[in-house]
Amino acid sequence: MTTSTPKRPPARPWRLSLSDPRVAGLFWQILVVAIAVAVVAWLWSNAVHNLSVRRISTGFAFLGREAGMPIADSWIDYTPKNTYLRAFIVGVVNTLRVAVIGIVLATVIGTLVGIARLSSNWLLARLAAVYVEVLRDLPLLLQLLFWYVLMQGLPAARQAWKPVDGVYLSNRGLVLPSVPLHEANGWTLVALVVGVIVFIIVRRRLIAQQMLDGKARPAWPYALGLIIALPALVSWLLGASWSVMLPELRGFNFVGGLTLAPEYFALLIALVTYTSAFIAEIVRSGIQAVPRGQSDAAKALGLKRSFVLQHIVLPQALRVIIPPMTSQYLNLTKNSSLAVAVGYQDIVSIANTTLNQTGQAIESIALIMMVFLTISLGISLFMNWYNARIALVER
């Protein structure tokens, strides 16, 4: 028995009339695009005309001129004699310092607070709820100013608080012990990162083989060789020095160690606490989205609560947590621009100083937009990749 495939109806010919829906749709799309291009062209020509009238040159040639601006807090070498380009690079590094460290700390604190909100301990659950509700309902700028004023009210360096040996807290900021990062130390850290990545790959292969034949294979020998032995061998071959530099008070300031300036410390605390409150609610809702029968069945098997949370509940909750978590990471990165309110010199602060010195307003704003767009797109691409990786695969 043969089946005949239905014939497709012949395509209707195009009529150059707005009564044809296809022609009307194409016409309106072209019109909207043309209007948008015309508006952008008019704004650009108007800006160029006004700049020429005021004798302000356009372009990015100013980046090669001497900046002449001091930058107090910098992780890379910089002097006022360097160029504006170098100053912008310092601003990008300072912005990344806040964004990357803030995202890590906010994720850890937010996850712990979100889990605490579901705790059977009444006091712990209520404290977590107060933490979330108070920090979410106060404006971020107000919290930032509060932490900055609090840092300024700390004692001077000579009367600095010393919670543990080698750690000082004063109005000069937080001073911590540090390890000098020479080239040999850097290669050792690279070896450690490579060892961790290779161990993760090897561990996944061991688990896959165990799922096939049911035979458990220990992973600790690989961890010992890749995570401990490999970095130690690289460190010994290159002669890396891991002596800890303790800060020491000399005169009215500290020498040695790692100093977190009060502006940076206040900004970091405000961003982390504010964002972690939102992340805590995301984690809580994600855990509650997992069917209760999953955890009940695991408890019936006698599994520990921590094991159930780590290996059963959280892996399923991640599929609900990751998309809104991405938005919070982006918000933290963009909110770091509030650093200008407390005098921390991030990309926005340095661009504003450059604008006032050179008059290159359009170029300075464009550089700010480009930096934040690049960072935000990088975060979005990584989180979307991870979200697709953990997504359920339909069979």
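A salt bridge here is a side-chain nitrogen of Lys or Arg within 4 Å of a carboxyl oxygen of Asp or Glu. With that cut-off, Arg117, Glu281 and Arg284 are linked in a network of salt bridges.

Before I go on, the conditions. This is a predicted model, where local features need pLDDT of at least 70 and side-chain atom pairs count only at pLDDT 80 or more, while totals for chains, interfaces and linings use all residues. Residues are numbered from 1 along each chain as its sequence is written, and side-chain values use heavy atoms, with hydrogens and water left out.

Within it, the closest N and O atoms of Arg284 and Glu281 are 3.0 Å apart. Both residues are in helix H7, residues 262-289, and because they are three residues apart there, about one helical turn separates them. For helices I take DSSP runs of H or I of at least four residues, for strands runs of E of at least two, numbered from the N terminus. Glu281 is buried, because its relative accessible area is 13%. Buried means under 20% relative accessible area, exposed means over 50%, and partly exposed is in between, with a 1.4 Å probe and protein chains only.

How many salt bridges does the structure hold? There are four.

Next, helix H3. Glu133 pairs with Arg136 in a salt bridge, with 3.2 Å between the closest N and O atoms. The two are three residues apart in helix H3, residues 122-137, so about one helical turn lies between them. Glu133 counts as partly exposed because its relative accessibility is 32%. Arg136, at 27%, therefore also counts as partly exposed.

Then the pair Asp73 and Arg97, whose side chains meet in a salt bridge at 3.2 Å, N to O. This pair links distant parts of the chain: Asp73 is in the loop between helix H1 (21-53) and helix H2 (84-117), Arg97 is in helix H2, and the two are 24 residues apart. Are they buried or exposed? Both Asp73 and Arg97 are buried.

Last, a loop residue. Ser241 sits between helix H6 (220-238) and strand S3 (248-250). Its relative accessibility is 32%, so Ser241 counts as partly exposed. What does Ser241 touch, leaving aside residues up to four places away in sequence? Val179, Pro180 and Asn185, where contact means heavy atoms within 4.5 Å. From Met69, Ser241 is 172 residues away in sequence and 35 Å away in space, C-alpha to C-alpha.
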